[in-house]
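Subject: The structure, and what turned up in it

Hi there,

Here is the structure I promised to pass on. Have a look at it first, and then read on for my notes.

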Amino acid sequence: MTKKSKIVLSGLLTILVLLACWWLFFNKAEQKQNPAKTIATPTIFVHGWGSSYHAEESMANYARACNATNSIIRADVSQDGKVTFDKTISTNAKNPIIEVNLLNNKSIFPDETDQARALTKSSNYVKDVVVALQKKYHFNKINLVGHSMGNLQIAYFLKNNAANSKMPQLNKQVSIAGHYNGYLGELGAPKHTILTKNGKPEKMDTGYKGLLPLRRTFPQNARVLNIYGNTGNGTDGSVDNNSSRSYRYLVSKRARSYQEHEFHGQNAQHSKLHENKQVAQLLVKFLWAK
């Protein structure tokens with residue numbers, strides 16, 4: 001290398017070092033000028049397979065009508081996990097609600113043979129939303145509400161991040177129509193889940209087996225409400241009630257409290273539960289004592 005080349009290379013390296021120092025200084029200065037806002041415990045709603053944030057609107061709007069919240073924002077999540085919020089949360093927001101809107105809303109395929117592997121990957125969308133919130137706001141706890149597949153994504157998020165001290169603590173969880181031990185017609189899942197006295201399924205699908213570590217790691221200060229619908233014959237039309245109820249075996253020994261509630265009638269059908277006013281009433285009462 002010639003002397004001239006060495007001088008040019010040295011100059012370029014100096015410029016790069018100066019640019020890096022400038023970026024670090026600017027970034028720290030920006031963080032000081034725009035520190036994360038402290039907000040009340042946020043509640044994240046996660047919809048089911050093939051759905052969208054519209055499935056969460058009825059419950060969120062009911063909470064607002066009851067004066068349980070005055071802040072509802074949407075979190076659009078791209079296929080690669082990038083999160084965009086449609087609004088900001090003010091520091092005086094009351095029980096802010098985040099409606100998750102997954103653009104990749106069919107991340108688990110019906111013919112999937114390894115549900116545990118697929119759900120582990122799919123649950124990263126929940127983590128993406130939590131991390132994106134943490135970059136903008138400061139909070140120590142979260143509430144999580146899921147419907148159908150959203151419950152599995154939440155459960156796997158909790159399992160995969162149980163030891164992650166950077167994640168906020170789970171305060172309350174509401175599960176609506178969760179198919180923890182498979183849904184009706186699922187490949188490899190039992191046609192009917194039979195539970196033992198302690199709630200353990202006699203036969204487990206791969207997705208349920210993947211959640212067994214929750215029996216050792218589920219957050220001990222969290223309260224859980226498990227809601228399911230019975231339109232007749234012990235199912236909501238898509239999920240066997242015992243598949244929903246099998247969540248008890250995974251979490252009840254560690255949770256601060258665990259309760260189940262069964263709804264009946266036409267409005268207890270799988271896709272109607274999130275539009276059911278009685279479900280919304282129970283949810284609001286459980287989350288915010290309204």
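Asp76 has Asn101 in E5 as its bridge partner. This pair belongs to a parallel pairing of E3 with E5 that runs over six bridges. Please keep in mind throughout that you are looking at a predicted model.

On to the other partner of E3. Strand E3 covers residues 72–77 and is joined to E4 by three bridges, with the two strands running antiparallel. E3 and E4 make a hairpin with five residues between them, and in the turn Gly81 has a positive phi of about 90°. As a reminder, strands of a sheet pair through backbone hydrogen bonds, either parallel or antiparallel.

Now for the sheet these strands belong to. It is an open sheet of eight strands with mixed pairing, in the order E4-E3-E5-E2-E7-E8-E9-E10. At its edges are strand E4 (83–85) and strand E10 (257–264), each of which pairs on one side only. On average, neighbouring strands of this sheet are turned by 20° against each other, direction ignored.

Which strands does helix H2 touch? Helix H2 (residues 54–65) packs on the sheet and touches strand E2 (43–46), E3, strand E5 (97–102) and strand E8 (169–176). The direction of H2 makes about 170° with that of E5. Helix H5 (residues 149–160) lies across E2, E5, strand E7 (141–147) and E8, and it runs at about 145° to E7.

The helices also pack on one another, and I noted two cases. Two packed helices are described by the angle between their axes and the distance between the axes.

On the H2 side, the contact is made by Met59, Tyr62 and Ala63; on the H10 side, by Lys277, Ala280, Gln281, Leu283, Val284 and Trp288.

Is Val284 buried or exposed? Val284, which lies in helix H10, has 1% relative accessibility and so counts as buried. Leaving out residues up to four places away in sequence, Val284 touches Tyr62, Ala63, Cys66, Ala68, Ala289 and Lys290. Take Ala63 from that list: Val284 and Ala63 are 221 residues apart in sequence, yet their C-alpha atoms are 6.1 Å apart in space.

The second case is helix H3 (residues 115–122) with H5, whose axes come within 8 Å and cross at roughly 85°. H3 and H5 are therefore roughly perpendicular to each other. Here the contact is made by Ala116, Leu119, Thr120 and Ser122 of H3 together with Leu152, Gln153, Tyr156, Lys159 and Asn160 of H5.

Most residues other than glycine have a negative phi, and most peptide bonds are trans. Asn67 has a positive phi of about 65° although it is not a glycine, and its place is in the loop between H2 and E3. Asn67 is partly exposed, with a relative accessible area of 45%. Asn233 likewise has a positive phi of about 65° without being a glycine. You will find Asn233 in the loop between strand E9 (223–230) and helix H8 (241–245). Its relative accessibility is 81%, so Asn233 counts as exposed.

Finally, some totals for the chain:

- The secondary structure comes to ten helices and ten strands.
- The protein chain has 290 residues, of which 48% count as buried.
- Of the contacts between residues at least 6 apart in sequence, 77% join residues at least 24 apart.
- The chain exposes about 14,900 Å², with carbon and sulfur atoms supplying 51% of that.

Happy browsing, and write back with any questions.

Best wishes

How values were computed: Residues are numbered from 1 along each chain as its sequence is written. This is a predicted model: local features need pLDDT of at least 70, side-chain atom pairs count only at pLDDT 80 or more; totals for chains, interfaces and linings use all residues. Side-chain values use heavy atoms; hydrogens and water are left out. Helices (H or I, at least four residues) and strands (E, at least two) are DSSP runs, numbered from the N terminus. Buried means under 20% relative accessible area, exposed over 50%, partly exposed in between (1.4 Å probe, protein chains only). Contact means heavy atoms within 4.5 Å. Accessible areas come from the Shrake-Rupley method with a 1.4 Å probe; for residues, only the protein chains shown count as cover. Two strands pair if DSSP finds at least two bridges between them. Axes are lines fitted to C-alpha atoms, for helices over the stretch in contact, and angles run from 0 to 180 degrees between N-to-C directions. Angles under 35 degrees count as roughly parallel, over 145 as roughly antiparallel, 65 to 115 as roughly perpendicular and the rest as oblique.
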